[in-house]
Amino acid sequence: MPSHQRGFTLVEIAVVLVVIGLLLGGALKGQELIHSARVKSLATELRTLPTMIYTYQDRFRSLPGDDPKADTHLQNGTKASTPTGTLGNGTLNGAWNSSTQTDESYLFWQHVRLAGLSSGSSTPGNADYLPRNAEGGPMGITGGASSPIKTLAGTFIACSQGISGRYAKQIDTMMDDGDSRTGSVQVMENASGTTSTAADPVENPLDQSSYTVCYAF
């Protein structure tokens, strides 16, 4: 007696395809939400820096890092001694990614942490002293005179390194004009170390490449 093997009907196949489509759509939407949350976190890290500076300045009448009385204003506070002759001049000196423990830009983090304005180690030289962004890259801040990008100007310049081009463009759109070469948010190639030579901004960040995003305020 011949056997009859029943296959899927068109309706059943259609139902399976709809379910697969819904699952894929949900996965893609979830991934997009994760990307969006990461971009917001990276942008927030930059946006909180002005609050730290102005709150410290209002409290102590000095800038964090540039405070000539940091040792009396803060318990266990350390006064900067480099760059020579710049302490208390009303600006933040030193490279944004300085690792010199006596630099103003380096001690900025100790001062805002001891003042209760930021979390993290307040002991210079500790492995976790220098801050990291949501992507694990280094963050830092400097004064406008030491801007790492030729076309980026402001009283202060905050930079966040190791950010994908896709995120960099979204941060620029969220915080500024969406053009990586103009405005208060600009993008440059990742810095391999501190340098006194300002770089050119990147014209069109590639989605999968890594960059440094800098914010002037």
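The backbone nitrogen of Lys69 lies 2.9 Å from a polar atom of the Asp67 side chain. The model is predicted; local features need pLDDT of at least 70, side-chain atom pairs count only at pLDDT 80 or more, and totals for chains, interfaces and linings use all residues. Residues are numbered from 1 along each chain as its sequence is written, and side-chain values use heavy atoms, without hydrogens or water.

Asp67 sits in the loop between α1 and α2 (70-73). Helices are DSSP runs of H or I, at least four residues, numbered from the N terminus. The side chain of Asp67 also makes a polar contact with the side chain of Tyr56, at 2.7 Å. Asp67 touches Tyr56, Phe60, Ser62, His73, Lys79, Leu87 and His111, residues up to four places away in sequence not being counted. Contact here means heavy atoms within 4.5 Å.

Leu92 lies in the loop between α2 and α3 (104-114). Leu92 counts as buried because its relative accessibility is 2%, the cut-off being under 20% relative accessible area (1.4 Å probe, protein chains only). Leu92 and Glu104 are 12 residues apart in sequence, yet their C-alpha atoms are 6.2 Å apart in space. Beyond neighbours within four places in sequence, the contacts of Leu92 include Leu63, Pro64, Phe108, Ile141 and Phe156.

Leu17 belongs to helix α1 (residues 10-60). Its relative accessible area is 56%, so Leu17 is exposed; exposed means over 50%.

Definitions and conventions
Helix = DSSP H or I, 4+ residues; strand = E, 2+ residues; numbered from the N terminus. Polar contact = N/O pair within 3.5 Å; in protein donor to acceptor, adjacent residues only side chain to side chain.
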